[in-house]
Amino acid sequence: MANALRLGHALECVDYRATTPLRAGQVDDTPFGGGAGMVLRVDVVEAALRARYGADPLELPARRRVIALTPGGRLLDDALATELAAEPALSLLCGRYEGFDERILEHLCTEQISIGRYVLAGGELAAMVVCDTVLRKLPGTLGHAESALEESFSEALAGGVEYPHYTRPADWRGHAVPEVLLSGHHERVRLWRLAQSRARGGGGGDALP
Ligand SMILES: C[S@@+](CC[C@H](N)C(=O)[O-])C[C@H]1O[C@@H](n2cnc3c(N)ncnc32)[C@H](O)[C@@H]1O
């Protein structure tokens, strides 16, 4: 994250309460039709987006991806993270309590993203997960660019799970590192890693000769 900021990328948090048109910082309301919980109001999100972008929020989805974090949205995976990393800018909307008034999702957002099929108390952690996986894909953000090339779900491993890693000591309480990794034979190491990736249930086999 710090590397991304140093490179000129920007990350900004917006507090719905700072621009809410309602009194006493109110941002949500009881659901029509009854039931438990509070629902994030569409006029509150509209005001926050208008204040941040200086335009009619209804026009925003045509200009940038405005993403609502929801448990039932499109599941975040490596392909989606790569897709998002190619965007010049993103807006992520977080809900709380019962979540969003449906009109926010229909008219102010381009899509919904879920970080997993479970329910968090709020969208903030989900937004941070999206930011983390997207930012580390931006050129220059990782100390070693190669780290991101050959890792789980990457094209280099044909979408497979990554192979095992070992470091010193070469022998720990009788558990030795696989001999091939100590051989210094780059091609044997490469083939062993691809085979391990395939054995772990990924698609690494496609990359094998
Ligand atoms: C308690 S949840 C609302 C759950 C909603 N009533 C439902 O049943 O789908 C409150 C907020 O947390 C966020 N959230 C919870 N789980 C999430 C997940 N798995 N992925 C993305 N966002 C999530 C969303 O922003 C959501 O509006």
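Predicted model: local features only at pLDDT ≥ 70, side-chain atom pairs only at ≥ 80, totals over all residues.
**View 1. The shell around the ligand.**

**View 2. Backbone atoms facing the ligand.** Zoom in on Leu69, and you'll find one of its backbone N or O atoms 2.6 Å from an oxygen atom of the ligand. Tyr118 has a backbone N or O atom 2.8 Å from a nitrogen atom of the ligand. For Gly123, a backbone N or O atom sits 3.4 Å from an oxygen atom of the ligand. On its own the ligand has 580 Å² of accessible area, and the protein covers 81% of that.

**View 3. The largest nonpolar core.** In general, nonpolar side chains in soluble globular proteins tend to be buried together. In this model, the largest nonpolar core holds 17 residues. Tyr16, Leu40, Val45, Leu93, Phe100 and Ile104 are the ones with the most contacts inside it. Two or more residues of this core come from each of α3 (42-53), β3 (65-75) and α5 (102-107). Helix α3 gives the most, with four residues.

View 4. Leaving aside neighbours within four places in sequence, Val45 is in contact with Tyr16, Leu40, Leu93, Ile104 and Leu108.

**View 5. Glu111, a residue of strand β6.** Glu111 has its place in β6. Is it buried or exposed? Its relative accessibility is 18%, so Glu111 counts as buried. The side chains of Glu111 and Thr110 are joined by a polar contact of 2.7 Å. Not counting residues up to four places away in sequence, Glu111 also touches Arg65, Val66, Ile67 and Ala68.

**View 6. Leu60 in a loop.** Leu60 belongs to the loop between α3 and β3. With a relative accessible area of 2%, Leu60 is buried. Beyond residues up to four places away in sequence, it touches Leu49, Tyr53 and Val66. Leu60 and His107 are 47 residues apart in sequence, and their C-alpha atoms are 9.6 Å apart in space.

**View 7. A cis peptide bond at Pro169.** The bond joining Arg168 and Pro169 is a cis peptide bond, with omega about 0 degrees. To find the spot, follow the loop between α7 (146-149) and β7 (171-172), where Pro169 is located.

**View 8. Two residues with positive phi.** Tyr97 isn't a glycine, yet its phi is positive, at about 50 degrees. You'll find Tyr97 in the loop between β4 (90-93) and β5. It counts as exposed because its relative accessibility is 59%, and the cut-off for exposed is over 50%. Ala158 is another residue other than glycine with a positive phi, near 50 degrees. This one lies in the loop between α7 and β7. Ala158 has a relative accessible area of 27%, so it is partly exposed.

How values were computed: Residues numbered from 1 in each chain as written. Heavy atoms only, no water. Core = buried A, V, L, I, M, F, W, Y, C linked by side-chain atoms within 4.5 Å. Buried < 20%, exposed > 50% of the residue type's maximum accessible area, 1.4 Å probe, protein only. Contact = heavy atoms within 4.5 Å. Polar contact = N/O pair within 3.5 Å; in protein donor to acceptor, adjacent residues only side chain to side chain. Areas by Shrake-Rupley, 256 points an atom, 1.4 Å probe, with all protein chains shown as cover.
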